[in-house]
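Subject: Structure handover

Hello,

Here is the structure I promised to pass on. Please open it first, then read the notes below it.

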Amino acid sequence: MAETILQIRNLKTYFYTYAGVVRALEGIDLDIYKGETIGLVGETGCGKSVTSLSIMRLVPDPPGRIVGGEIIFKGEDLLKKSEEQMQRIRGSQITMVFQDPMTFINPVLTVGDQVTEVIALHQDLARESVQTKIDEIQQQIARIDPSSPDRQRLMERVKELEATKEHPPKPSKREIKKAALHRTIEVLKLVQLPNPEKVVKQYPHELSGGMRQRVIIAMALSCNPDLLIADEPTTSLDVTIQAQILALISELKKKIGASILIITHDMGIVAETCDRVGVMYAGNIVEVSETKALFKKPLHPYTQGLLRAIPKLHEDVKELEIIPGSVPNLIHPPSGCRFHPRCPFKMDICDKEFPPVFETEPGHSVACYLYSEKKKR
């Protein structure tokens, strides 16, 4: 079995408003495995982004509050961590790519200033500082005549620096800044930004939307996180740039070995990038499956409705199918299964009791009484 890097158990997140208590997450369970890409899909307002903010412990309080459950990351419950401990985890072990890059990039600081700040805050740059010196000397060596005595002297200096890598001396502030800038340029190259030496000196308004999104991804990856959360990473981009960003995320996952949680409402993105997928409806996860199995045999009536609503190139239809009804008010959610007012297969028990999760086959689970003869998970 794959190693589980994050376990969410019975997570409940509420928002206390003047109109009443919004039960945004009502007891969700989700596992994220090491090295996988998992998608979280559903309609707007179903709780996808609240899930990501809950993992990061960034739910705005007030009015939001995590009222119950566990978020186990690498064996430790994040809900029991202090804010100071969470600040050390955010940006280093768990990072997030937001859907609107202009909202989360400071417009009055250069790209270089913002990325180096993240690196300097979360990375031990002593070894990076030594490597920066080595790179600078090797550039000098490349420009010197092979017969020059200076070349031999510089090569000896490289050997001395290599020997200090295991236990590097504490760098000065100037050396830290130089090492952070060196690391910034490397990570901008990693996300395939052209001419990164120029980009570090530019301000966000001088970059295109796709370039800004790559900067956000670079900031998220700069400290080699174990888990990357991408919240609608392609929403504000045109189709061509969307494809480039999705290809980039898939490529980077292989390079750094991080687990990725992609939050989206686009089933096409899920089909292209995700190993597994969780389907959310009105604050609950109603189905979890491997991606191919979900598209081949969706189980939950809501999942079936989502897939039927996708246009098919090989079919000539005048109208797309829709899911009748509307998303419920989470201040006064329906009793029992929250989908039952819209479900074509509703049974008597559906509006009385919330369905448990049934495992229909290994790796495929669904919260629906239609499968009650199957084993409870």
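A helix here is a DSSP run of H or I with at least four residues, and helices are numbered from the N terminus. Please keep in mind that this is a predicted model.

**A buried helix residue**

Start with I55. It belongs to helix α1, which covers residues 48-56. Is I55 buried or exposed? Its relative accessibility is 0%, and buried means under 20%, so I55 counts as buried. Now look from I55 to L79. The two are 24 residues apart in sequence. In space, their C-alpha atoms are 8.7 Å apart.

**The sheet**

Next, find the open sheet of four strands. Its order is β2-β1-β4-β5, and the pairing is antiparallel. Which strands stand at the edges? They are β2 (21-33) and β5. Each has a single partner strand, so one side of each is left without a neighbour in the sheet.

Take the pairings in turn. Strand β1 spans residues 4-16, and strand β4 spans residues 64-73. Eight bridges join these two antiparallel strands.

F73 has E76 of β5 as its bridge partner. The hairpin of β4 and β5 has two residues between the strands. In that hairpin, K74 takes a positive phi near 50 degrees.

**Charges over rings**

Two arginines are worth a look. R23 has its charged end over the ring of Y14, 5.6 Å from the ring's centre. R65 lies over the face of Y16, at 4.7 Å from the ring centre.

**Aromatic pairs**

How many aromatic pairs does the structure hold? There are four. One of them is formed by Y281 and Y302. Their centres are 4.7 Å apart, with 55 degrees between the planes, and the pair is tilted. This pair links distant parts of the chain. Y281 is in strand β9 (residues 276-281), and Y302 is in helix α13 (residues 301-308). The two residues are 21 residues apart.

Y281 has a relative accessibility of 2%, so it counts as buried. Y302 is buried too, because its relative accessible area is 0%. Together with F339, Y281 and Y302 form one aromatic cluster.

**The largest pocket**

Last, the pocket. Its volume is about 520 Å³, and it is the largest pocket in the model. How many residues line the largest pocket? The lining has 18 residues. Those nearest the centre are G91, M96, F98, V118 and M219. The elements that give two or more residues to the lining are β6 (94-97), α4 (111-122) and α9 (209-221). Of these, α4 gives the most, with five residues.

What lines the largest pocket, by residue type? The lining divides into 11 nonpolar residues, five polar and two charged.

**Where to begin**

Finish at the largest pocket, with α4 as the helix to pick out in its lining.

Best wishes

Note on methods. Residues are numbered from 1 along each chain as its sequence is written. This is a predicted model: local features need pLDDT of at least 70, side-chain atom pairs count only at pLDDT 80 or more; totals for chains, interfaces and linings use all residues. Side-chain values use heavy atoms; hydrogens and water are left out. Two strands pair if DSSP finds at least two bridges between them. On a 1 Å grid over the protein atoms alone, a cavity is a set of points where a 1.4 Å probe fits but cannot get out, and a pocket is an open set with protein on both sides within 12 Å along at least five of seven lines; lining residues have an atom within 4 Å of a point. Grid points are joined across faces, edges and corners, and a volume is the space filled by probe spheres set on the points. Ala, Val, Leu, Ile, Met, Phe, Trp, Tyr, Cys and Pro count as nonpolar, Asp, Glu, Lys and Arg as charged, and the others, Gly among them, as polar. Rings of Phe, Tyr and Trp (its six-membered ring) pair if their centres lie within 6.5 Å; planes under 30 degrees apart count as stacked, over 60 as edge-to-face and the rest as tilted. Buried means under 20% relative accessible area, exposed over 50%, partly exposed in between (1.4 Å probe, protein chains only). A charge sits over a ring if NZ of Lys or CZ of Arg is within 6 Å of the ring centre and within 35 degrees of the ring normal.
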